[in-house]
Amino acid sequence: MNSDRIEENSTFLLPNLKSNTDLKSTSAGQWDIRQSVEFQNVAKSLDFSAGGEDIKSVSSIPNMWARPLSMEMALHINDYPIRRQMVEQWQGMLAALALAEVRGYDIKTKLLELGKLNQIDDFARSLVELLPSPVNSLYSLNGKHPWQDIYVFLWRGKAVGMTSPSTLICPSEEGDWTGLPWWNNGKLGSPVNFLNADEKNQLSLWLERLRRELYNHGGNRSPLNTIAGLIIEFQSSLQNNISILTDVPEETLKSAFSVNPQFFGDELNRGVLKALNTPLKAQTKPSSVRLIPSLQKQNVRELLIIDPNVDKKWNQPPQNIWIHDTTNLTSLNLDALRNKQLIWDVRWIESEKLLMSDFYFIAQENALPGCLLPVGCQLLSYNGQRITPLIPINPILLEYFTPEDLVRKISIESINGNTGVRIVLDLPLYGLDEGKSTQNYRLVREYPISEDNVLSEVPVLELWPNFKADNWQEYYAFYYDGEYGDDTFQVQLPDAAEPHPFNDGRGIYQIARLTEFPAYISCHNSLRNQLGLMLLKTPQQVGKTHASDWTVGVDFGTSFTNVYVNRDDVVTRFSLESLHLMVTESDADARDRVMINYFIPTEPPFPLSSVLTTKKSSRKSDEQTRQVLDGRIYIPKDSDSFKPDDEGIKTYLKWSTENLNFNRLFLKNLALQITAVAAKNDVKKIQWSLSFPSAFSKSDKNRYIRTWQDITKEIQARTGIEQSCPNADDDYFYRTESLAVAQYFADKEGFNLVNSTCIDMGGGSSDISIWEENNLVHQCSVQLAGKDLFSQFLELNPKFLKRHFDVDISQWQNLRGAKFSAKLDVLLRQKGDYWLNHQRDLVAEDKEFQELIQLTAIGTAGLYYYVGILLRVLHTEGRYNKNKITPVYLGGNGSRFLHWLAEGGQFNRNSEANELFSKIMSLASKFDDTHEDTLLSSAPKDEVACGLVLSDSKLTGLTRKDDLVLIAGEVCSINGEPIDWNSRLKISNNEIDSFSVEDKIANFTIPEELTQLPKFLYAFHAALRVLQIEGIKPLEGYKVLREYSIEQDRLNNQKLWSDTSKELTASLLKIRGNTDDIRLEPPFILVLKALLSVLGKRWAEKWKNRV
Amino acid sequence: MEKQSLIKYYWALLVVLVLLAGSNHAVAQTSSSSPSPTVKVTVTASPTSSSSANQDKSSPDKESLFPLIISILALVASGGAIALTILNSKKFINRIQDDDKKHTEEINLIKENYRKLSSSQMSLQSNKSLETSSRSTSESDTNIYLEAMIERHSERISELEGKLKVTQSNQQSSISSNHTYLSNQSRNQEPDFNPFNQVNGLSQSTNTQPLENLAYIELVNIYRDNPKLLEQKAIKVSEDKDSIARRHSDSSQKIVLEKATNSNYWVIRDEVGVDCWLLPKSKLRIDQFRYETTKALFECHGYQSEYSTFKLVKPAKVVPLSTDEQTWQLEEPGILEFSVES
């Protein structure tokens, strides 16, 4: 220490003695033996006024007990030089002890029993030997020197003071009270200015208790009075009227103290010190920093927003701000919370974590149309271009606010010339007003608009359905990064019940099922760093009103599936309105096509292609598969991009028994999407009306309805929309397609069914019903339809499409069967009308084309021939009373092929084919040709679905169960039992069914020597000749007899019939086994299909090398 | 195809010779005394130009007026095209400069590119730069560019002449295919007809019509070097939904594009308003889904869904269908070249 510093910072001790002192001094360096009272005399004799106001202590008194003795002198001697400062220190320490629990001060006590320690410790022994005089002691210890038992106080583990028998407590000279508000600049001061009124009242009570305790433990009266006076003085500084304190009952006082007897560690129980042992009890108050949630979120767990500086923001003393339970801002131990040493029963979050550390944005304007954006976003720009921000807030807030509420609490503004943004978050907290009004808590953060945080592209992101409804738990989300990698963002969907992320090529995808509509979606980069949130617009709540129930008719077809709905007796074709929420403004090129492949398609046109895609399903096909996640309805956009042989594309769903999961998945998706549209329209109940072709085997029929029952049961549980599904015996809501078609023609088209035949020609089957006087006479279903009459020929000779219609057939060459038909269906739907109207007549004279038309005409005429046979047999049986042929009402998607037979591409009653079919029916039935018309449906493929939901009908017999037995039409034998062409196809005695339950078919044969098919082909050619039809040519090489003789015909056309017979053999082999599983077909239709197959192969062979 | 292109060059050669003759105050004598409207032409030009001009004439003895008229017409047309193109390029740059002062650095980059291009193409004097934006200087420069351009063409055509026989003999092998289009080997074997090839790296199919290329060549360069400049000027478009539907039912239908917020294509209109060009937006990722549209707008050479990069070889040409710049119709598909990094 140099002399300069001494001069500046120090005051010499023992400056001058007062003039009237009795002290006797000796020479410097000479020690005298004096009594301890000499210290007191020295202190009294010092003239200390020169020390100034800043002096806080006197040091260098040569005694180990100097500090407590100094405190004793300061408190007990009124004119002690620095008495005021010492008293303030004394008050400050008492206040710290009193408020230790209220404010959460970390103060501990340690008892030192010097009488014991002096045996083992030299320092203790010295202390004992130098024990101060007990003359001013406030208590006695049963004969023990009161200074022998001392408590040391530790503040945050460091000694800051001790007890003193003469002054109660004594703060240490250089105690480190860091964190105590009234400890400043290394000095302990009066706490008065740091306490709120509440605390002052409490502290007064604590002092009152201390004061009352003073006189209960012996001690000398004079010092007791001195200390009592100091306590009263202290109380006076806290309260104006302390007289009321004396009236406070003892019980009241007790209740104000902590119940923890060892709050400070070692219990203070020596004399009056026991009054120090229990600090004031912390009060319980509602948290000032509790977040006040939206009205819709009242049941959430409390969330406390903790900001150590909230007192400054609110301009309030920290002790006024209650954090939790008994903890206010002053007693808050944030580190203990962070370290989980302290665990609360409420959620809490530090305010700084409410805003993210970085600000990311999309370099496009209005990039998030499905999202809410805070005020000010519209003006943000980057490099002169408007941007769309990701909101950098903690998603925890979305548990407490609706997105709409939250977004109103956020504002964004551009700063520093568009190089940064300032985000302001205003949160309503409980505040200090006891809940009368909330207190706004504002959090502000500024971010640079950094090039590092640019997202130049937006992914495809969709949610479905975009509504909320009670009990609706089926939501789906779809994400595709567009192969943009880190130029865009990835997402995490909160609370996704079934997330299904996957990659395809360079693309990153995610499909997820959610049980609730999400309030937000979290964005992150490839390193999983969170980039920000997208707040989703809360969708409309549906179902508040009760709309009428819907009856929904589903025609699940081979090629297409159609749906009609009856709402209050208004029957309309169903349309799947888009229920998608387009979260991001992704480019339409990618969005439209990726959704077709991986998500619920938007506004698919009805009828839907009966195609399923299971691309990227995470489950094996034999496992329980989930709608949307494992398979979706596929909507071919065009034939070029539709690749039926791609992995995951499933066709022929109606008939295939290879994997019934695909069939189920298609219907599951369909039912769910229909239910969603119903829910959107406030419908509470759906009555399903379903159909099946009578060509279905019994197993098919039962399985189909069971599938629907399972599906609807599951959907009802997940959507809350009641689903009424028919059972297998419900003849009204589970009908044959032929009946539904007839009802359509009678009740929708207004055709009379006095004497009529209705045919629904689909892709795989034709459903026939014969009517007389509006009564059902007969119904059946034959598997002869579009694929047999048209598709199979083009499959054999796809170059035809290239040659005549300029179709790129590079993708067609390897397609077979149902896959080829599916692609052709899409192509014809896309271009069929155009070709009919513009190109058919241009190729009408081409021989290859003519021969194709000829094949279709033979097939269709064959179907009419079979209808003629039916009329004849039914007439013979007495079921059909009129002896005349009927007009034919033809519907279904396959009915469109008739237009190809007509010149001009438009089939009508003047068409040659119309006359031909009437004639064929006449020849088969042996009734006169009364020139009955074939009338085509005005809405092909709508007939069945529409017929299913028409509520009233003039028809009768719709629920009849009899007459389901097929009429053979051609000779055959079942299990060796011959069946004539004009007989029913049955082997049991059951009147209404072909077989008994236990029946099996071991052998189904059709003899090589056909009887009816040759007659048909002859009739066909005869009709062409008689009617002088030019548009349909006779078969090349077919020898037409002047007068028909079956034997001669067999001879003349031996090769044809021989080939047909061989072709037939393969199809007959399939008709074996349990009769419940067999899709029985009339033998005539079987042989007709064999003939068509033979003719088709010949045609394809003939033209295969054509250039 | 190649042969036709070469014949075009011969015609262009004739045009250039006449132009050079005019610019050098060469002597051109005409005679009106003849009863038929024939013109006697004597051309004084460089030996190489002269020889090629003579060779181009199928019958040098016949002094018919018809070829000359054709030549003059061709001269006017091609000269105009060259001038127009250069003016367009210069105006395009000036427009950028005037419109957005904030992007001075980028403009300077363009200027630099343009200067390099010009110097490499036309052997300009080093002090003939674009740094001045005054109109008079620009026009003066334009004249110089025009002359330089013609001179350059002359040289190139002379080279052509020498290569003609080789080309004809190898005609069969030199017909472009998709492979030769992309083949470096082919480029090395085939004389590079395009004077800008060194700069812009255009492939042969665009070389066959160098004068037409000038209309979009600068655009392709800017697209490659600094597409952000184009982005600010581009009108963002997507194929109209009706157009997609029409295209699906009848592939011969013309594609219609409409203005859209988030689109994948840009329409850039040149300053004069003669041409509108369609380009993929910068950094467009042409995945399997976007490809369906892209392939309708561009010939996509070497496309695989796992491609690494693509190069714009030629923008597609579109014409506005309305004056309010809302819809455009595709006139001519562009060309994109895809590559896959091993």
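In what order do the three strands of the open sheet that contains β34 of chain A lie? The order is β35-β34-β36, and the pairing is antiparallel. The structure is a predicted model, in which local features need pLDDT of at least 70 and side-chain atom pairs count only at pLDDT 80 or more, while totals for chains, interfaces and linings use all residues. Residues are numbered from 1 along each chain as its sequence is written, chains are lettered from A and ligands numbered from 1 in the order in which they are written, and side-chain values use heavy atoms, with hydrogens and water left out.

Chain A as a whole comes next. Chain A holds 28 helices and 49 strands, where helices (H or I, at least four residues) and strands (E, at least two) are DSSP runs numbered from the N terminus. Its radius of gyration is 49 Å, well over the 32 Å that the globule rule gives for 1107 residues, so chain A is more spread out than a compact globule. The radius is taken over C-alpha atoms, and the globule rule is 2.2 Å times the number of residues to the power 0.38. The C-alpha trace of chain A spans about 165 × 65 × 50 Å along its principal axes. Of the 1107 residues, 58% count as buried; buried means under 20% relative accessible area, exposed over 50%, and partly exposed in between (1.4 Å probe, protein chains only). Among contacts between residues at least 6 apart in sequence, 71% join residues at least 24 apart, a contact being heavy atoms within 4.5 Å.

The loop between β35 and β36 of chain A contains Ser641(A), which counts as buried because its relative accessibility is 16%. The side chain of Ser641(A) makes a polar contact with the side chain of Arg593(A) at 3.5 Å. A polar contact is a pair of N or O atoms within 3.5 Å; within protein, one must be able to donate a hydrogen and the other to accept it, and residues adjacent in sequence count only if both atoms are side-chain atoms. Leaving aside residues up to four places away in sequence, Ser641(A) touches Arg593(A), Tyr634(A) and, in chain B, Glu292(B).

Another open sheet of three strands in chain A has the order β46-β45-β48, again with antiparallel pairing. Here β46 (977–979) and β48 (1004–1005) are the edge strands. Strand β45 (residues 972–974) pairs with β48(A) over two bridges, and Ile974(A) stands opposite Phe1004(A).

Together with Ile768(A), Ile920(A), Phe1016(A) and Phe1020(A), Phe1004(A) touches the most other members of the largest nonpolar core, which has 108 residues. Such a core is a set of buried Ala, Val, Leu, Ile, Met, Phe, Trp, Tyr and Cys residues joined through side-chain atoms within 4.5 Å. Helix α21 (residues 847–877) of chain A gives the most to this core, with 17 residues. A second, separate core of 88 residues includes Val552(A), Val583(A), Phe662(A) and Phe692(A). In soluble globular proteins, nonpolar side chains tend to be buried together.

Not counting residues up to four places away in sequence, Phe1004(A) touches several residues, including Leu1080(A), Pro1083(A) and Leu1086(A).

Some backbone details remain. Most residues other than glycine have a negative phi, and most peptide bonds are trans. The peptide bond from Trp464(A) to Pro465(A) is cis, with omega near -10°, and Pro465(A) lies in the loop between β20 and β21 of chain A. The bond from Phe606(A) to Pro607(A) is also cis, with omega near -5°. Asn315(A) has a positive phi near 55° and counts as exposed at 68% relative accessibility.

Note on methods:
Two strands pair if DSSP finds at least two bridges between them.
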